[in-house]
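Hi,

Here is the model I promised to pass on.

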Amino acid sequence: MNAIEVRDLKKCYPGFELKNVSFTLPEGAILGLVGENGAGKSTLIRLIMGATGRDGGEASVLGTDVRSPEFTKTKDDIGVVLDEAHFPPSLNALKLGRIFADTYTRWDGETYASLLEKLELPGKKKIKDFSRGMRMKLALAAALSHDARLLVLDEPTGGLDPMVRDEILDILEDFTRREDRSVLISSHIVSDLEKLCDYIAFLHKGELLLFDEKDRLLEEYALIKLTERDFEDIPKEAVRGVRRGKYGVEALVERGLVDRAIQAEHTSLEDIIVFFARGDRE
Amino acid sequence: MKALLRKDIYVVFTQLRGLLLVMLIFSVIPGGTFIPFTFLYTAVLSTASLIALDEQSRWDDLALMLPYSRRQLVASKYVTGWLGIVAALVMTVAIQCIWAATGVAALEEGFFAAICLYIAIALVLQAVSVTVIFRFGYVWGRMMIVIAVAAIGGVVGAVAANGKTLSMAATALSRLHPATYPLLAAALSVATIPISEHGYKVRCEK
């Protein structure tokens, strides 16, 4: 079974359009959704979770159409962390645990208590007095305490210091040790996703420019640095993005389509994303 | 549903303590003058404030992604509102009976019939406000409620100006047993749940 299947998903707002997004996330895999602010990552996540209506296409999660009434039950298998904790600020972690114990059929109070302890989250302190990092860790603790098969995280590491980000990524790595567990995580911090993900989706101005296995992307694309004159000999279909500077041209190319004699540098995921985004400006 | 009620009750006792205090003050004042305010205040403000706090903390965004159906999200607010009215009823009747028993203030004639009428009005106002807020959100909904209340006030004023119409309405109402007022209002309140659910769906799907 696939964890997430999306076909030609569309959503229009005044001034923004999510255009025919399609991808499949196999069960047990981790997908990183990258995109600049306003690219449509949160809209896509809201559509995938059935929280908003779509203007076209289909979406199913853990084998259930997100618009069907059965999806309410399916959400019992999904842990959600949004860009903020979104919990009532006057509550504390213990009261929140009691609410979630009545929400999820497989809520595990012991797991929750041990996560609170591990993440050094006080049980009785009001959520409004938590730092942003603490609130995000609390949201993660709640999402990980009901034996979820899929985690959906929308910018969970945004605005956090590197130590907390690292802590959160460690927890996510632990979660995915079991083979049937999948993760969809959106972020504009590409280095976080590079550490964690099996698949990368790049959303740019509402359009899915890229969806592939991370390792394949890193193998398939390379960075070349040439003079303007040498660059003219590179087949246009090989070029995915170009940056022109004083000393020549830097371009992201498909390795298989350029002459092997041309020296190509290994590239990072961040380079690939940046050059893909620049591609339409060149 | 239990989880949503638990959450709302926690929020009432942590963030809406001021509302509870005002409710208590209105209900302890001897005599019947302030009793209508207890019910109206509870009915309109408690549910509207809960929805406003959900929007403020963006709990409503998260809740749509948790295993709650839209019907549960909507119905839980109604149930919390009904519980508030029941609490106002118990508190008011108990305190006024204590005042009557201790000789502080006697129960006014028609006290229980008046309570039935207040409950009915509270239920209707609550149903209307919740329906409007679920459709338009708290900020716009609140403005529309103000407009609706002004419009209703205008209609009532116009009817009152025509003494004959008012007396006909009063006669028709007096033919019913007072206990039927809250029952009719409760039926109306329940009937608006699907309307609120639809309005909420329309707002979410935009």
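Where is the place of Asp8(A) in chain A? Asp8(A) sits in strand β1 (residues 2-13) of chain A; strands here are DSSP runs of E, at least two residues, and helices are runs of H or I, at least four residues, both numbered from the N terminus. Asp8(A) has a positive phi of about 50° although it is not a glycine. With a relative accessible area of 41%, Asp8(A) is partly exposed (buried is under 20%, exposed over 50%, partly exposed in between, with a 1.4 Å probe and protein chains only).

Before the rest, some housekeeping. This is a predicted model, where local features need pLDDT of at least 70 and side-chain atom pairs count only at pLDDT 80 or more, while totals for chains, interfaces and linings use all residues. Residues are numbered from 1 along each chain as its sequence is written, chains are lettered from A and ligands numbered from 1 in the order in which they are written, and side-chain values use heavy atoms, with hydrogens and water left out.

Now chain B. It has eight helices and zero strands. For its 206 residues, a compact globule would have a radius of gyration near 17 Å, and the 18 Å of chain B agrees with that (taken over C-alpha atoms; the rule is 2.2 Å times the number of residues to the power 0.38). The C-alpha trace of chain B spans about 55 × 40 × 25 Å along its principal axes, and 43% of the residues of chain B count as buried.

- Val12(B) belongs to helix α1 (residues 2-15) and is buried, at 14% relative accessible area. Beyond its neighbours within four places in sequence, Val12(B) is in contact (heavy atoms within 4.5 Å) with Arg17(B), Leu20(B) and Leu50(B).
- Arg58(B) lies in the loop between α3 (35-57) and α4 (59-63). Its phi is near 60°, a positive value in a residue other than glycine, and Arg58(B) is partly exposed at 36% relative accessibility.

And how do the chains meet? In all, 23 residues of chain B are in contact with 30 residues of chain A. The area buried between chain B and chain A is about 2,600 Å², meaning the accessible area (1.4 Å probe) that two parts lose on being put together, summed over both. On the chain B side, Tyr10(B), Met65(B) and Pro67(B) lose the most area to chain A, together 28% of what that side buries.

Cheers
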